[in-house]
Amino acid sequence: MTKRPGPGTAGPPPGRRRGPDGRAPRGSAGRDDKSGPGAARASGHQTGGGPRSPGGRADGAGRPGKKGSAPRRPARGGTTPAPRKETARKETARQDSARKEPAREDSPRKDSKRKDSMRKDSTRKDSVRKKPAHEDSVRKDSARKGSARKESPRKESPSREGLRKETSRGGAGRKGAGAKASGGKAGGRKAGERTTASRMGAARATATGPARTKPPADGPRTPRGGRPAGSGPRPGGSGPRPPGRGPLARVPFNRRDPMKRLNVGLLAVAFVLSLFAGRLVQLQTIESGKYTEEAMRQRMHKIELPAVRGDITDAQGHPLAMTLEARKIYADPSLIEPAKRQKVVNALAPTLGLNPATLLKQISRPDTQFVDLAHGVRPDQARLIMSWDLPGIGTLPEYRREYPNDSLAASVIGFVNDTGKGAAGLESSLNDVLAGRAGWQRVEISLEGQHIPMGEDQKRPSVPGRGVRLTLQRDLQFMAQEAIEKQVKASKAAGGSVIVMDPRTGKLLAMASAPGFDPNHYADSDRSRWGSPLVQDAYEPGSTGKVVTAAAVMEYGGVTPQTPYTVPDKIKKYDVVFHDSHPHAPERLTFTGVLAKSSNVGTIMASESITSQQLYRTLRDFGFGQKTGLPLPGETPGLLTPPNKWSGTDRYPIAFGQTVSVNAVQMASVYATIANGGVRVAPSLVAGTVGEDDRFTAAPAPPRKQVISAKTARQISDMLESVATAEGTAPKAQIKGYRVAGKTGTAEIVNPRCGCYDGGGYTASFAGFAPADDPRLVVQVVLQDPKRGSHYGGDVAAPVFKDVMSFALQSEKIPPTGSRPPIAQIHAGD
């Protein structure tokens, strides 16, 4: 059932005319017509003529411009109903009218009509059997457009409105009434088809674009051929057209071929896909190796596996330097937003003791993703920092160096810097032994910094360092360091040192210096204190060097302890005058007395019994001018030029310990050689190393050399005992119950401003051993430029010797020998 016109519809739809009584003719193409041309339009089939052109109106489309219009319902059964009676009467009238026309027009017209009728019948049958695909498509489109017009009514164009008004007059004033009768059935069918086509075109024009040009309102719509729909031939044959009745302008409808659009779309998609395919081929085959390598490089991270640094212990295994677990604090500047940088600085700078400006600069670097901020952070402190959840801040495990005794033996041990490398002392010189070999691990890390499970993983385990056991004794080292620090402070000396040595083995039992520093906080101290003055600082030995001259003249010059000399307080050699330390009248002294009173003039007189070459060779044998071989950085060999470079008077000051220089260990080795019966054992500081399994490996034995005969060494030892007597220069060095042998030294220091000895200060020293009849220990004390009190070695250095030697004898449990010292003959003729 077809839908009724929607509300607001005025008049019949286009194509239906009202009769004189106001009703539409039964034979018109009305909506409810079940037969005739109207039925053909409603059913979607044509009743005559050829198939509709593609630009015609789609079947079932609603009336254009009609509010509430709906698509026509196709006729049931798919066949055209029989024409009604009125239609038959009109067809008979048309045939009668045609018979009245001249024969010359009738015959060709009839032939043409018969051919057209046959053609239309054939076409109609074909259209019934098989509808073109595009008709269905057009019908559906028209249905949709009609539905849309229901929802959105439009105003009719003035031309169509005028046409409807004229139709409503009932055909009054129309011309060509006879044309209706002559048109007959075929004319009515053709007119219906043209009207349907016009409606379809108007519907399309309304739905898709501007409206087509409409016929004038004062006349009927003229089909494409210039004649009214359904009319017969114009009176008089082909007469002139009515004025103003031109053909209806028709907008061509070009509906693009969907296959063409589909093909173009497919080509575009294929082109885009080909670009992707080409890029994929390039990435997966041509440049796959490059991108694979780059991707792997971005994911792979090398993590250093630090090796555990070996400990440094004393001779009994007490730790002097040890390794503890720690953390390294680092930053990834790429993860720290600029707005949060100051927050990170405010949190880390005071906690880690860092400079805020430097820290801000480090975390603001755009060219890196890893910056070391601090090393050796304690684990508990690192956990506190990580609990703050600071962006871009992380920790890595490492180890820190701890020095449990603070400044004890700091000049010998040194320290490890922030990078984990030894920077001074044994930590620097033995770094390869202590540090071991660091390992590494390469792992794949995601963008979030997480380890990718089952990813690439390469690892080289670290090898821990070996521990180093020294010959030092912690308690004796502590006593020696405390004694020298106290004396340096009391005498306002520039510095001082104490060495304790075993003359039989060459082992160094204590090596103390002052002022020192705390290796745990080395950055807080002066850089000049980081070294080892015991081997780095050279000084002129002064009178302590006279024992070498005594050994040379007794070994090669035939001098004995009782050889007498008349000793004035000064002597002139060439154009140089040499003096004793204090003025005195000429004295008759034995060579023992010369040594006991430390007379420069008497030593010059005794040295004239040997040649310069013999003196030089003896000095070299005792270790002058060559390094001791200790594993300490920056050791100086001292100064000893060969005789061919000596001037005419150089041999005389060399004889009493000036114009040559030594370090403190070299001078201690000289007295150890005397105490060891003339056999020099090279000083040693490292007893051995300790492996990961705590297995101790002893260091090679130090070289030994017989420098002077045992007899000469014994005689010199007896002569040195007289120094520590009341008549000698060092009575303050006496130790109750023990026989002490030693020698004082007071040497001038070269003034660097003038290259002379004037105003340069003094070096006060004392070197000795005990027990003198069975030497077990050697102690040497040196103070540089004491400014308060006396500057003589017997007054400044001897008391320190006594304190340190007394403690060493007790700690080593060396009992007194109980023997009486020999009677020393100091003055000749006594």
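**A walk from a helix pair to the core**

In this predicted model, helix α9 makes a right-handed crossing as it passes α10. Let's start with that pair. Two packed helices are described by the angle between their axes and by the distance between those axes. Here α9 covers residues 341-352 and α10 covers residues 356-363, and they pack at about 135° with axes 9 Å apart. On the α9 side, R341, Q342, V344, V345, L348 and A349 take part, and they meet P356, L359, L360 and I363 of α10. Sorted by class, this contact has 8 nonpolar residues, 1 polar and 1 charged.

Next, turn to the interior. In soluble globular proteins, nonpolar side chains tend to be buried together. The largest nonpolar core in this model has 86 residues, and M511, F591, F622, F624 and L685 are the ones touching the most other members. Helix α22 (residues 664-675) supplies the largest share of this core, with 9 residues. Apart from it lies another core of 35 residues, including A483, A514, V723 and Y738.

One of the residues worth a stop is E635, in the loop between α20 (612-621) and α21 (651-655). Is E635 buried or exposed? Its relative accessible area is 8%, under the 20% cut-off, so E635 is buried. Leaving out neighbours within four places in sequence, E635 contacts V535, Q536, K627, T628, G629, L630 and N663. Of these, Q536 is 99 residues away along the chain, yet its C-alpha atom is 4.6 Å from that of E635.

Technical notes
Residues numbered from 1 in each chain as written. Predicted model: local features only at pLDDT ≥ 70, side-chain atom pairs only at ≥ 80, totals over all residues. Heavy atoms only, no water. Core = buried A, V, L, I, M, F, W, Y, C linked by side-chain atoms within 4.5 Å. Buried < 20%, exposed > 50% of the residue type's maximum accessible area, 1.4 Å probe, protein only. Helix = DSSP H or I, 4+ residues; strand = E, 2+ residues; numbered from the N terminus. Axes fitted to C-alpha atoms, helices over the stretch in contact; angles between N-to-C directions. Left-handed = near helix turned anticlockwise from the far one by under 90°. Contact = heavy atoms within 4.5 Å. Nonpolar A, V, L, I, M, F, W, Y, C, P; charged D, E, K, R; others polar.
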